[in-house]
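Dear colleague,

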Amino acid sequence: MVFGILLFLQIANSAFADLALKRSQIRFIKVKPHGVHWSYHGEFGPANWLSVYPHCGGEKQSPVHIDSTKVFVDRKLDDFNFHGYDATPERNLTIKNNGHTVKVSIEGPLPQVSGGGLKDSYSAAQFHFHWGSVDDRGSEHAMDGKNYPMEMHLVHYADKYRSLNEAVDKPDGLKVLGFFFEIGDRNPNFDKLISHFNSIKHKDAESTLEPISLHSLMPENLSVYFRYHGSLTTPPCFESVTWTVFKDTVKISKQQMESFRHTLKGNSKGEKDEALTEIYRPLQPLNSRNIYASKVFERPIDDPLTRAILRDSAIQSSSFLSIVLTVVFFVLFS
Ligand SMILES: [Zn+2]
(Lines give C-alpha, C1' and ligand atoms only; values in the text may rest on other atoms or scores of the structure.)
Protein backbone atom coordinates (compact mmCIF):
# COMPACT_ATOMS: atom_id res chain seq x y z
CA MET A 1 0.00 0.00 0.00
CA VAL A 2 2.72 2.45 1.06
CA PHE A 3 4.73 1.48 -2.03
CA GLY A 4 1.69 2.22 -4.23
CA ILE A 5 1.36 5.72 -2.78
CA LEU A 6 5.11 6.33 -3.15
CA LEU A 7 4.95 5.24 -6.81
CA PHE A 8 2.10 7.66 -7.45
CA LEU A 9 3.99 10.52 -5.76
CA GLN A 10 7.10 9.72 -7.85
CA ILE A 11 5.09 9.87 -11.12
CA ALA A 12 3.41 13.14 -10.10
CA ASN A 13 6.77 14.62 -9.07
CA SER A 14 8.48 13.84 -12.39
CA ALA A 15 5.52 15.31 -14.33
CA PHE A 16 5.88 18.59 -12.39
CA ALA A 17 9.67 18.58 -12.90
CA ASP A 18 9.12 18.36 -16.70
CA LEU A 19 6.71 21.28 -16.54
CA ALA A 20 9.16 23.36 -14.48
CA LEU A 21 11.94 22.62 -16.99
CA LYS A 22 9.74 23.74 -19.90
CA ARG A 23 8.88 26.99 -18.05
CA SER A 24 12.55 27.73 -17.38
CA GLN A 25 13.34 27.21 -21.09
CA ILE A 26 10.64 29.71 -22.04
CA ARG A 27 12.10 32.29 -19.64
CA PHE A 28 15.54 31.61 -21.15
CA ILE A 29 14.47 32.54 -24.70
CA LYS A 30 12.65 35.68 -23.53
CA VAL A 31 15.83 37.23 -22.09
CA LYS A 32 17.97 36.28 -25.09
CA PRO A 33 19.10 39.24 -27.19
CA HIS A 34 17.65 39.53 -30.67
CA GLY A 35 19.57 39.09 -33.89
CA VAL A 36 21.42 35.85 -33.01
CA HIS A 37 22.81 34.40 -36.22
CA TRP A 38 21.20 31.37 -37.93
CA SER A 39 21.24 29.92 -41.42
CA TYR A 40 20.01 27.00 -43.51
CA HIS A 41 23.46 25.45 -43.95
CA GLY A 42 26.58 24.56 -41.98
CA GLU A 43 27.42 25.37 -38.40
CA PHE A 44 24.33 27.52 -37.80
CA GLY A 45 22.01 25.25 -39.82
CA PRO A 46 18.66 23.69 -38.77
CA ALA A 47 20.26 20.80 -36.83
CA ASN A 48 21.88 23.35 -34.48
CA TRP A 49 19.07 25.93 -34.15
CA LEU A 50 17.98 24.18 -30.97
CA SER A 51 21.18 25.07 -29.09
CA VAL A 52 20.40 28.80 -29.31
CA TYR A 53 16.62 28.67 -29.77
CA PRO A 54 15.11 26.05 -27.42
CA HIS A 55 11.63 26.31 -28.97
CA CYS A 56 13.06 24.72 -32.15
CA GLY A 57 13.15 21.43 -30.23
CA GLY A 58 9.46 21.58 -29.27
CA GLU A 59 6.83 18.91 -29.86
CA LYS A 60 4.75 20.96 -32.32
CA GLN A 61 7.26 22.10 -34.91
CA SER A 62 6.80 22.86 -38.60
CA PRO A 63 6.99 21.94 -41.41
CA VAL A 64 5.46 18.45 -41.41
CA HIS A 65 4.67 15.75 -43.93
CA ILE A 66 0.96 15.71 -44.85
CA ASP A 67 -0.22 12.16 -45.50
CA SER A 68 -3.65 12.64 -47.05
CA THR A 69 -4.67 9.07 -46.22
CA LYS A 70 -4.29 9.84 -42.51
CA VAL A 71 -6.01 13.23 -42.26
CA PHE A 72 -9.32 13.75 -40.44
CA VAL A 73 -11.98 15.54 -42.45
CA ASP A 74 -13.43 18.35 -40.32
CA ARG A 75 -16.90 19.62 -41.32
CA LYS A 76 -16.18 22.96 -39.58
CA LEU A 77 -13.39 23.75 -42.06
CA ASP A 78 -15.39 25.73 -44.60
CA ASP A 79 -14.30 28.30 -47.21
CA PHE A 80 -12.27 31.39 -46.28
CA ASN A 81 -13.56 34.93 -46.66
CA PHE A 82 -10.88 37.18 -48.11
CA HIS A 83 -11.21 40.97 -47.81
CA GLY A 84 -8.84 43.40 -49.51
CA TYR A 85 -6.64 40.84 -51.26
CA ASP A 86 -6.95 42.85 -54.47
CA ALA A 87 -4.47 45.53 -55.62
CA THR A 88 -5.01 48.62 -53.46
CA PRO A 89 -2.95 51.75 -54.24
CA GLU A 90 -3.15 53.04 -50.60
CA ARG A 91 -1.18 50.06 -49.44
CA ASN A 92 2.63 50.11 -49.19
CA LEU A 93 4.44 46.97 -50.22
CA THR A 94 8.16 46.63 -49.53
CA ILE A 95 10.07 43.81 -51.16
CA LYS A 96 13.26 42.86 -49.35
CA ASN A 97 16.08 40.36 -49.59
CA ASN A 98 16.75 39.63 -45.89
CA GLY A 99 19.48 37.07 -46.56
CA HIS A 100 17.15 34.17 -45.68
CA THR A 101 14.40 34.74 -48.26
CA VAL A 102 12.63 37.36 -50.34
CA LYS A 103 9.92 38.94 -48.23
CA VAL A 104 7.12 41.38 -49.08
CA SER A 105 5.94 43.43 -46.07
CA ILE A 106 2.46 44.95 -46.20
CA GLU A 107 1.63 48.32 -44.64
CA GLY A 108 -1.48 50.48 -44.72
CA PRO A 109 -4.95 48.93 -44.81
CA LEU A 110 -4.11 45.27 -44.31
CA PRO A 111 -5.93 42.47 -46.15
CA GLN A 112 -8.10 40.45 -43.77
CA VAL A 113 -9.14 36.81 -43.72
CA SER A 114 -11.90 35.08 -41.74
CA GLY A 115 -13.86 31.82 -42.08
CA GLY A 116 -11.96 28.66 -42.88
CA GLY A 117 -12.84 27.32 -39.44
CA LEU A 118 -11.04 30.28 -37.79
CA LYS A 119 -12.71 31.92 -34.81
CA ASP A 120 -11.71 35.54 -35.46
CA SER A 121 -10.32 37.66 -38.25
CA TYR A 122 -6.66 37.91 -39.14
CA SER A 123 -4.58 40.55 -40.92
CA ALA A 124 -2.00 39.74 -43.59
CA ALA A 125 1.31 41.36 -42.66
CA GLN A 126 3.85 39.77 -45.02
CA PHE A 127 4.52 36.97 -47.44
CA HIS A 128 7.74 35.19 -48.38
CA PHE A 129 9.02 32.11 -50.17
CA HIS A 130 11.06 28.95 -49.58
CA TRP A 131 12.69 27.21 -52.53
CA GLY A 132 15.37 24.72 -53.60
CA SER A 133 17.95 24.50 -56.38
CA VAL A 134 16.13 21.79 -58.36
CA ASP A 135 12.45 21.06 -59.04
CA ASP A 136 12.04 18.11 -56.68
CA ARG A 137 12.77 20.03 -53.49
CA GLY A 138 12.30 23.47 -51.98
CA SER A 139 8.87 23.38 -50.35
CA GLU A 140 8.84 23.16 -46.56
CA HIS A 141 5.75 20.97 -46.20
CA ALA A 142 5.57 17.74 -48.16
CA MET A 143 2.41 16.10 -49.42
CA ASP A 144 2.02 12.32 -49.83
CA GLY A 145 5.76 11.92 -50.09
CA LYS A 146 6.17 14.71 -52.63
CA ASN A 147 8.20 17.91 -52.28
CA TYR A 148 7.49 20.91 -54.50
CA PRO A 149 10.05 23.35 -55.93
CA MET A 150 8.72 26.30 -53.89
CA GLU A 151 6.26 27.22 -51.13
CA MET A 152 4.80 30.66 -50.39
CA HIS A 153 3.79 31.67 -46.85
CA LEU A 154 1.22 34.39 -46.35
CA VAL A 155 1.57 35.39 -42.69
CA HIS A 156 -1.44 36.74 -40.75
CA TYR A 157 -1.75 37.80 -37.12
CA ALA A 158 -4.88 37.70 -34.96
CA ASP A 159 -6.64 41.07 -34.90
CA LYS A 160 -6.89 40.92 -31.11
CA TYR A 161 -3.15 41.68 -31.07
CA ARG A 162 -1.85 45.04 -32.24
CA SER A 163 0.94 43.78 -34.47
CA LEU A 164 2.78 40.78 -35.87
CA ASN A 165 5.47 41.35 -33.23
CA GLU A 166 2.98 41.22 -30.41
CA ALA A 167 1.30 38.05 -31.77
CA VAL A 168 4.40 36.12 -32.80
CA ASP A 169 4.88 34.13 -29.58
CA LYS A 170 1.20 33.71 -28.59
CA PRO A 171 -0.28 30.21 -29.03
CA ASP A 172 -3.22 31.71 -30.99
CA GLY A 173 -1.20 34.54 -32.55
CA LEU A 174 -0.52 33.57 -36.15
CA LYS A 175 -2.33 31.99 -39.09
CA VAL A 176 -0.11 31.18 -42.03
CA LEU A 177 -1.48 30.17 -45.42
CA GLY A 178 0.95 27.93 -47.31
CA PHE A 179 0.89 27.41 -51.08
CA PHE A 180 2.86 24.86 -53.11
CA PHE A 181 4.31 25.80 -56.52
CA GLU A 182 4.65 23.65 -59.62
CA ILE A 183 6.42 24.27 -62.91
CA GLY A 184 4.02 25.09 -65.74
CA ASP A 185 3.30 28.00 -68.09
CA ARG A 186 4.63 31.49 -67.38
CA ASN A 187 2.49 33.16 -64.69
CA PRO A 188 2.19 36.88 -65.55
CA ASN A 189 0.93 37.63 -62.00
CA PHE A 190 4.50 37.05 -60.75
CA ASP A 191 6.17 39.31 -63.35
CA LYS A 192 6.08 42.49 -61.20
CA LEU A 193 7.53 40.74 -58.18
CA ILE A 194 10.30 38.99 -60.12
CA SER A 195 11.21 42.20 -62.00
CA HIS A 196 12.43 43.64 -58.66
CA PHE A 197 14.91 40.82 -58.02
CA ASN A 198 17.73 42.63 -59.84
CA SER A 199 17.37 45.66 -57.55
CA ILE A 200 17.32 43.52 -54.35
CA LYS A 201 20.05 41.13 -55.41
CA HIS A 202 21.96 41.30 -52.12
CA LYS A 203 21.11 40.85 -48.46
CA ASP A 204 19.34 43.84 -46.85
CA ALA A 205 18.47 45.47 -50.20
CA GLU A 206 14.84 46.53 -50.51
CA SER A 207 12.54 48.17 -53.01
CA THR A 208 8.97 49.43 -53.23
CA LEU A 209 6.60 47.07 -54.99
CA GLU A 210 3.71 48.37 -57.13
CA PRO A 211 0.17 47.51 -55.92
CA ILE A 212 -0.30 43.79 -56.37
CA SER A 213 -3.33 41.53 -55.96
CA LEU A 214 -2.58 38.88 -53.35
CA HIS A 215 -5.43 36.85 -54.80
CA SER A 216 -3.63 36.65 -58.14
CA LEU A 217 -0.64 34.99 -56.43
CA MET A 218 -2.79 32.18 -55.01
CA PRO A 219 -4.05 29.02 -56.75
CA GLU A 220 -7.57 28.73 -58.17
CA ASN A 221 -9.05 26.22 -55.73
CA LEU A 222 -8.93 27.53 -52.16
CA SER A 223 -11.57 25.11 -50.79
CA VAL A 224 -9.38 22.06 -50.33
CA TYR A 225 -6.82 22.57 -47.59
CA PHE A 226 -5.14 20.94 -44.59
CA ARG A 227 -5.00 22.34 -41.07
CA TYR A 228 -2.75 21.65 -38.09
CA HIS A 229 -1.08 23.50 -35.26
CA GLY A 230 2.64 24.11 -35.57
CA SER A 231 5.39 26.66 -35.45
CA LEU A 232 7.41 29.31 -37.25
CA THR A 233 9.76 27.40 -39.58
CA THR A 234 12.65 29.74 -38.76
CA PRO A 235 14.19 30.62 -35.38
CA PRO A 236 12.93 31.29 -32.76
CA CYS A 237 10.43 28.56 -33.90
CA PHE A 238 7.61 29.75 -31.62
CA GLU A 239 4.69 27.28 -31.64
CA SER A 240 2.26 30.07 -32.45
CA VAL A 241 1.09 29.12 -35.94
CA THR A 242 -2.20 27.63 -37.07
CA TRP A 243 -1.20 26.28 -40.46
CA THR A 244 -3.37 26.05 -43.55
CA VAL A 245 -1.70 24.29 -46.47
CA PHE A 246 -3.65 24.29 -49.73
CA LYS A 247 -3.83 21.27 -52.00
CA ASP A 248 -4.10 23.17 -55.30
CA THR A 249 -0.80 24.56 -56.56
CA VAL A 250 0.40 27.84 -58.07
CA LYS A 251 2.01 27.41 -61.50
CA ILE A 252 5.06 29.36 -62.64
CA SER A 253 7.43 28.74 -65.53
CA LYS A 254 10.83 27.11 -65.28
CA GLN A 255 12.40 30.47 -66.21
CA GLN A 256 10.51 32.31 -63.44
CA MET A 257 11.62 29.65 -60.95
CA GLU A 258 15.22 30.10 -62.11
CA SER A 259 14.99 33.84 -61.32
CA PHE A 260 14.38 32.97 -57.67
CA ARG A 261 17.30 30.53 -57.69
CA HIS A 262 19.89 32.57 -59.54
CA THR A 263 19.20 36.32 -59.37
CA LEU A 264 19.02 36.60 -55.58
CA LYS A 265 22.12 36.20 -53.40
CA GLY A 266 22.40 35.30 -49.72
CA ASN A 267 25.36 37.61 -49.04
CA SER A 268 25.72 41.35 -48.60
CA LYS A 269 26.95 43.56 -51.44
CA GLY A 270 30.74 43.45 -51.79
CA GLU A 271 31.03 39.93 -50.37
CA LYS A 272 31.58 36.80 -52.48
CA ASP A 273 28.29 35.91 -54.20
CA GLU A 274 26.41 32.90 -52.84
CA ALA A 275 23.13 31.89 -54.46
CA LEU A 276 20.09 32.31 -52.20
CA THR A 277 18.71 28.80 -52.57
CA GLU A 278 17.99 25.58 -50.60
CA ILE A 279 16.20 27.81 -48.11
CA TYR A 280 13.76 25.48 -46.39
CA ARG A 281 13.65 23.73 -43.02
CA PRO A 282 13.63 19.90 -43.04
CA LEU A 283 10.43 18.07 -42.05
CA GLN A 284 9.67 17.86 -38.33
CA PRO A 285 7.97 14.99 -36.47
CA LEU A 286 4.18 15.22 -36.22
CA ASN A 287 4.28 13.64 -32.72
CA SER A 288 0.80 13.44 -31.20
CA ARG A 289 -0.77 16.01 -33.53
CA ASN A 290 -3.54 15.36 -36.03
CA ILE A 291 -3.86 16.98 -39.44
CA TYR A 292 -7.39 17.93 -40.49
CA ALA A 293 -8.75 18.37 -44.00
CA SER A 294 -11.37 20.89 -45.08
CA LYS A 295 -14.93 19.64 -45.43
CA VAL A 296 -14.84 19.24 -49.22
CA PHE A 297 -11.74 17.08 -49.17
CA GLU A 298 -12.54 13.67 -50.65
CA ARG A 299 -10.90 10.86 -48.81
CA PRO A 300 -9.45 8.00 -50.81
CA ILE A 301 -12.05 5.24 -51.44
CA ASP A 302 -10.23 2.72 -49.26
CA ASP A 303 -11.38 4.45 -46.10
CA PRO A 304 -8.28 4.78 -43.92
CA LEU A 305 -9.99 7.34 -41.66
CA THR A 306 -12.27 4.80 -40.05
CA ARG A 307 -9.38 2.44 -39.54
CA ALA A 308 -7.27 5.29 -38.08
CA ILE A 309 -10.02 6.32 -35.65
CA LEU A 310 -10.55 2.72 -34.53
CA ARG A 311 -6.81 2.15 -34.13
CA ASP A 312 -6.21 5.43 -32.24
CA SER A 313 -9.10 4.92 -29.83
CA ALA A 314 -7.95 1.33 -29.22
CA ILE A 315 -4.40 2.53 -28.44
CA GLN A 316 -5.67 5.31 -26.16
CA SER A 317 -8.06 3.09 -24.20
CA SER A 318 -5.53 0.25 -23.91
CA SER A 319 -2.77 2.54 -22.61
CA PHE A 320 -5.15 4.17 -20.11
CA LEU A 321 -6.31 0.74 -18.98
CA SER A 322 -2.74 -0.46 -18.48
CA ILE A 323 -1.93 2.56 -16.24
CA VAL A 324 -5.05 1.93 -14.13
CA LEU A 325 -4.22 -1.79 -13.82
CA THR A 326 -0.60 -1.06 -12.83
CA VAL A 327 -1.66 1.33 -10.07
CA VAL A 328 -4.34 -1.10 -8.81
CA PHE A 329 -1.78 -3.91 -8.83
CA PHE A 330 0.70 -1.96 -6.68
CA VAL A 331 -1.99 -0.71 -4.31
CA LEU A 332 -3.32 -4.24 -3.76
CA PHE A 333 -0.08 -6.19 -3.63
CA SER A 334 2.47 -3.89 -1.97
ZN1 LIG B 1 8.03 30.64 -44.31
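Asn81 counts as exposed because it has 12 C-beta neighbours inside 10 Å, and a residue with 12 or fewer is placed in that class. Please note that the model is a predicted one.

Asn81 belongs to strand E3, which covers residues 80-83. Leaving aside residues up to four places away in sequence, Asn81 touches Val113, Ser114 and Gly115. Asn81 also lies 8.3 Å from Gln112, C-alpha to C-alpha, with the two being 31 residues apart in sequence.

Strand E12 is joined to strand E13 (residues 241-246) by six bridges, and the two run antiparallel. Within that pairing, Tyr228 has Trp243 of E13 as its bridge partner. Strand E12 is also joined to strand E15 (residues 292-293), here by two bridges, and this pair likewise runs antiparallel. In E15, Ala293 is the residue that stands opposite Phe226.

As for the chain as a whole, there are six helices and 15 strands. The chain has 334 residues, of which 32% count as buried. Considering contacts between residues at least 6 apart in sequence, 71% join residues at least 24 apart.

Yours sincerely

Terms used
Residues are numbered from 1 along each chain as its sequence is written. This is a predicted model: local features need pLDDT of at least 70, side-chain atom pairs count only at pLDDT 80 or more; totals for chains, interfaces and linings use all residues. Two strands pair if DSSP finds at least two bridges between them. Helices (H or I, at least four residues) and strands (E, at least two) are DSSP runs, numbered from the N terminus. A residue is buried if 20 or more other C-beta atoms lie within 10 Å of its own, exposed if 12 or fewer, and partly exposed in between; C-beta atoms are placed from the backbone. Two residues are in contact if their C-beta atoms, placed from the backbone, lie within 7 Å.
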